[in-house]
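Welcome, and thanks for opening the viewer. Keep the selection tool handy, and we will walk from stop to stop together.

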Amino acid sequence: MKRKYEWLEAEWSRMREQSLDRTWQTVEPIAEAGGAWIRGCGKKLLNLSANNYLGLAHEERIVEAGEKAARKWGAGGTASRLVLGNYPLYDELERRLAEWKQREGALVFANGYQANTGVIAALAGRGDVVFSDRLNHASIVDGIILSRAEHVRYRHNDLEHLEFLLQKHQGARRKWIVTDSVFSMDGDKAPLLALAELRERYGALLMVDEAHAGGVRGEQGQGLCHELGMADQVDVLMGTFSKAFGVYGAYVCADQPVIRHLRSKARSLIYSTALPPAVIGSTLAALTQIETDRWRRQALRQNASWFRQKLRASGFAVADEDTQIIPLAIGENERALQFSQKLLERGIAAVAIRPPTVPDGTARIRFTVMATHTPDELAWAVQELAAIRDELDGREAL
């Protein structure tokens, strides 16, 4: 029996040698801290790795809305939405999402991965070309592979390279440009206005993943496309409920012909049980909070700016951006793991990100700031970061 899995043991050994093996920490949230603190490894930890950007995951009104929906509609989804699993709650959420995004329609998916894979595979196919930023999320990459369209990657945010590739493939049946709006591992933004111009110039279609901008950018949290005033130039707007909403699931908003097509062709939607009513109920309440609680977005922007300034003042190289995702470049996988472990020992939860999530040689600590962090907490984190850097650098010098 052992010989049967020798190939897996060999692969595991290879991953461990390269510091690419993965485990997870079991943690417990501290609800009264608004998600800013958690418990893990027997201690209280400042949470600098969550996607709960606005601190809504433990908001009482959102939790109660989920409980109320579960009592009325049941604990779980009973079937695919196309097989009598569609409750009025789902229709209400999609109607409100369409109004929020100012589009004709919306569709809710189980999660962001299923949304991107299902939508891209349903809208693109053989004879089409999909132009994808090299740093797009893995779900976008996998959706393109599933679509069987030609996958053409352009250098990160390189508009000249993208235009060259668009010219090269002018004869394609259909051309899709797909990009994140805020890139999840680098925290920088896509040049959306310029992408919209290229869409128009070359007769392409544009899909934007607003997972890390939804809820935190725009007047009512609609995302970066709305903040820039160009959302009407985007053919498909995708977003998630698992980041700023503090819940779970994902959505796409588009014109009715697109929504109608996806309802009948998106396999990840058709062949999945509907989300539990509790999730939909909580999401509806979170959407209301996002539309009205502007102070949360303001607090998040202020905290992100504060944290970046403190890092720079302590000698850390931090990109000149204004998003809540702040990577600290480390380079080597083993050193990134050491840095993360040292942070854990000092009471800070911040995870090392390694390949294949990021390119080889670019391992990093990815910090994510929340609206519920305080300046004192963030200043303390920077002090601990500087102390760990000096400790590790001193060891290497010996």
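Start by selecting two groups of residues: R61, I62, A65, G66, A69, A70 and W73 in helix 2, and P277, A278, G281, S282, A285, A286 and Q289 in helix 11, which meet each other. Sorted by class, this contact has nine nonpolar, four polar and one charged residues. Before going further, note that what you have on screen is a predicted model.

Now show the two helices whole, as residues 60-73 for helix 2 and residues 277-292 for helix 11. Two packed helices are described by the angle between their axes and the distance between the axes. Here the angle is about 145° and the axes are 7 Å apart. The crossing of helix 2 and helix 11 is right-handed.

Next, select residues 159-168, which form helix 6, and residues 192-201, which form helix 7. How do the axes of these helices cross? They cross at roughly 15° and come within 11 Å. Angles under 35 degrees count as roughly parallel, and helix 6 and helix 7 are therefore roughly parallel to each other. Helix 6 passes helix 7 in a right-handed crossing. To see the contact itself, show the side chains of L159, L162, E163 and L166 on helix 6, together with A194, L195, L198 and R201 on helix 7. By class, that makes six nonpolar, no polar and two charged residues.

**Two helices to check for length**

Select residues 6-17, which make up helix 1. Its 12 residues reach 17 Å from the first C-alpha to the last, close to the 16 Å expected at 1.5 Å a residue. After helix 1 comes S19, whose phi is positive, near 55°.

Then jump to residues 112-123, helix 4. This helix has 12 residues that should span 16 Å at 1.5 Å a residue, and its end C-alpha atoms are 16 Å apart, which agrees.

Keep G112 selected, as it is among the residues touched by T240. T240 is part of strand 9, residues 236-240. With 5% relative accessibility, T240 counts as buried. Beyond four places in sequence, T240 also touches A211, F245, G249, A250 and Y251.

**Into the loops**

Move to I30, in the loop between strand 1 (27-29) and strand 2 (37-40). Is I30 buried or exposed? Its relative accessibility is 5%, so I30 counts as buried. Leaving aside residues up to four places away in sequence, I30 touches G35, W37, I38, R39 and K44. If you want a distance to draw, pick the C-alpha atoms of I30 and L45: these residues are 15 apart along the chain, and the atoms are separated by 9.7 Å.

Follow the chain past strand 2 to C41, which sits in the loop between strand 2 and strand 3 (43-47). C41 is partly exposed, with a relative accessible area of 45%.

Now a backbone check. Most residues other than glycine have a negative phi, and most peptide bonds are trans. C41, however, has a positive phi, near 55°. R148 has a positive phi too, near 70°. You will find R148 in the loop between helix 5 (138-147) and strand 6 (150-154). R148 is exposed, with a relative accessible area of 54%.

For the peptide bond, select P355 and P356: the bond joining them is cis, with omega about 10°. P356 lies in the loop between strand 13 (352-353) and strand 14 (363-368).

**Last stop: D322**

Finally, select D322, in the loop between helix 12 (294-313) and strand 11 (325-331). Which residues does D322 touch, not counting those up to four places away in sequence? They are K189, R217, R301 and R308. At 27% relative accessibility, D322 counts as partly exposed.

How values were computed: Residues are numbered from 1 along each chain as its sequence is written. This is a predicted model: local features need pLDDT of at least 70, side-chain atom pairs count only at pLDDT 80 or more; totals for chains, interfaces and linings use all residues. Side-chain values use heavy atoms; hydrogens and water are left out. Helices (H or I, at least four residues) and strands (E, at least two) are DSSP runs, numbered from the N terminus. The expected span of a helix is 1.5 Å times one less than its number of residues. Axes are lines fitted to C-alpha atoms, for helices over the stretch in contact, and angles run from 0 to 180 degrees between N-to-C directions. Angles under 35 degrees count as roughly parallel, over 145 as roughly antiparallel, 65 to 115 as roughly perpendicular and the rest as oblique. A crossing is left-handed if the near helix is turned anticlockwise from the far one by less than a right angle, and right-handed if clockwise. Contact means heavy atoms within 4.5 Å. Ala, Val, Leu, Ile, Met, Phe, Trp, Tyr, Cys and Pro count as nonpolar, Asp, Glu, Lys and Arg as charged, and the others, Gly among them, as polar. Buried means under 20% relative accessible area, exposed over 50%, partly exposed in between (1.4 Å probe, protein chains only).
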